[in-house]
Amino acid sequence: MPARIVVVGASLGGLRAAEQLRAAGWTAEIVVVGAEPHMPYNRPPLSKEVLAGTALAGSVMLRQRPSVADAVWLLGSPASTVDLDARAVTLADGTTLDFDGLVVATGLRPRRLTDDGHVLRTLDDAIRLHTALTARPGTRLVVVGAGFVGCEVAATARRLGADVAVVDPLPLPMVGPLGEQLAAALLTRHEERGARFHLGRTVTRFERHQVVLDDGTVLPADVVVEAVGSRPNTEWLNGNGLDLSDGVLCDEHLRVEGLPFAVAVGDVARFPNARYDSTPRRVEHWSIPGDTAKHAARTLVASLTGAAVDQPAFAPLPTFWSDQYGQRLQAIGAPQLGTDDIRILEGDLHGDVIVGYHRDSRLVGVVGLGRARATAATARYRMVLSETGKRIATDAGSRLGHHTRLGQ
Amino acid sequence: MRVVVDLETCQDHGQCVFAAPEVFHLDENGKLGYVPEPDESLRDAVEEAADVCPLQAIRVED
């Protein structure tokens with residue numbers, strides 16, 4: 001059998017892993033397995049341009065490096081089981097693939113509350129929701145969950161002319177990663193554009209064309225979107241004695257529990273960030289598939305070719321963003337570590353604003369909200385954040401863990 | 001090496017600026033500018049910049 005690496009998962013993480021395996025010197029076979037029928041595509045536009053109907057589905061396909069032109073793509077059939085001792089993965093359609101090396105890149109799926117509500121994770125989800133929201137004017141939408149996805153769907157739906165209500169048990173939207181001040185400013189921007197928020201409330205019942213809240217409020221609902229977080233796709237790894245309690249547990253080089261022939265990338269990987277501490281966490285930011293793929297590919301190729309793993313422990317600088325109503329929220333560093341000491345660095349909460357998050361008087365995270373100018377101003381703090389990261393980290397563990405769950 | 005940025009697609013995230021500061025920059029209004037024909041020695045950085053663009057608006061030719 002010729003040498004083969006199987007990448008399970010054909011989204012951003014799987015594609016970047018294949019490219020980075022080539023960049024790390026792997027010249028033998030690469031097979032990429034994907035559950036969806038689509039080639040890898042970019043998810044951030046799904047809740048914005050694709051949902052709004054301003055971008056065609058084809059425009060979100062990810063460009064590929066020429067180095068992976070000879071990779072084999074097996075799409076439309078998810079992996080169903082893997083035997084790590086035998087080094088063989090079996091797909092739902094019965095195909096079995098032997099491998100020398102394995103990359104776990106199976107990502108997440110939305111947590112569900114009902115069988116018939118909408119969710120937003122895949123391209124097909126976004127197209128289906130666009131169709132539902134534009135079926136007739138003034139569609140009444142209830143969004144359950146005021147995190148990243150819920151807020152972006154609410155903003156896009158308002159632009160489409162839908163009547164929008166958002167429900168969340170927390171007192172403010174996106175309050176976990178942002179803290180109270182900025183979350184309140186974000187709420188104001190939503191309310192000014194006509195979205196209505198029912199905060200501190202939970203859904204008691206989903207009924208035909210309406211949603212009933214715990215205080216008795218009845219919200220008319222032509223369309224319901226469930227945006228209440230995600231679950232890692234790890235069932236196919238069952239039976240190998242792995243810790244799959246929250247994604248795939250990895251070491252500081254993204255090896256699956258230290259196995260020399262298996263690595264994990266993207267938001268299914270639970271890894272320690274040496275910039276902060278030794279606690280493994282999953283991180284659901286867009287930048288993570290690229291960051292993890294680069295490091296994991298080097299680890300795996302070194303291991304399979306008998307070389308030493310010659311790179312420092314994985315230590316990415318977190319960044320995330322969200323676009324709502326043509327305004328951007330841009331975060332760099334770990335704001336969730338500094339929500340007890342929040343200071344406005346530039347601007348004010350009613351306009352373009354840059355907010356600093358401090359721990360022990362040291363800047364640990366910066367979030368900008370507003371127009372492009374605010375993004376550029378936020379970016380100027382990146383250098384200082386990348387330098388302070390290592391010094392703040394020793395006792396940050398539980399709160400960062402809290403954030404990575406909320407910050408979806 | 002030739003770099004092409006689709007400025008209609010670009011949304012001025014600035015991730016490319018950190019990957020390849022010799023090639024990309026944001027002006028004070030947050031608008032992207034770039035060097036269209038950077039030195040070959042910057043290829044790795046430019047490819048990294050293309051990878052980290054959230055809009056996939058950067059193309060590296062040759």
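Modeller: Arg362(A) counts as partly exposed because its relative accessible area is 32%, which falls between the two limits of the scale, where buried means under 20% and exposed means over 50%, computed with a 1.4 Å probe and protein chains only. The model is a predicted one, in which local features need pLDDT of at least 70 and side-chain atom pairs count only at pLDDT 80 or more, while totals for chains, interfaces and linings use all residues. Residues are numbered from 1 along each chain as its sequence is written, chains are lettered from A and ligands numbered from 1 in the order in which they are written, and side-chain values use heavy atoms, with hydrogens and water left out.

Arg362(A) belongs to strand β25, which covers residues 362-370 of chain A; strands (E, at least two residues) and helices (H or I, at least four) are DSSP runs numbered from the N terminus. Leu385(A) lies 23 residues from Arg362(A) along the chain, and their C-alpha atoms are separated by 9.5 Å.

For another place in this chain, consider Ala35(A), which sits in the loop between β2 (29-34) and α2 (49-52) and is partly exposed, with a relative accessible area of 48%. Leaving aside residues up to four places away in sequence, Ala35(A) touches Gly76(A), Ser77(A) and Pro78(A), where a contact means heavy atoms within 4.5 Å. From Ala35(A) to Lys294(A) the sequence separation is 259 residues, and the C-alpha to C-alpha distance is 23 Å.

Chain A as a whole has ten helices and 25 strands. Its radius of gyration is 22 Å, close to the 22 Å that the globule rule gives for 408 residues, so chain A is as compact as a globular protein of that length; the radius is taken over C-alpha atoms, and the rule is 2.2 Å times the number of residues to the power 0.38. Of these 408 residues, 57% count as buried, and among contacts between residues at least 6 apart in sequence, 64% join residues at least 24 apart.

Where chain A meets chain B, the contact takes 21 residues from chain A and 20 residues from chain B. The two chains bury about 1800 Å² between them, with 42% of it on carbon and sulfur atoms; buried area is the accessible area (1.4 Å probe) that two parts lose on being put together, summed over both. On the side of chain A, Arg63(A), Arg65(A) and Arg382(A) lose the most area to chain B, together 27% of what that side buries.

Chain B contains two helices and four strands, and from the N terminus on its elements run β-α-β-β-α-β. A compact globule of 62 residues would have a radius of gyration near 11 Å, and the 10 Å of chain B agrees with this. In chain B, 52% of the 62 residues count as buried, and its C-alpha atoms fill a box of roughly 30 × 20 × 15 Å along the principal axes.
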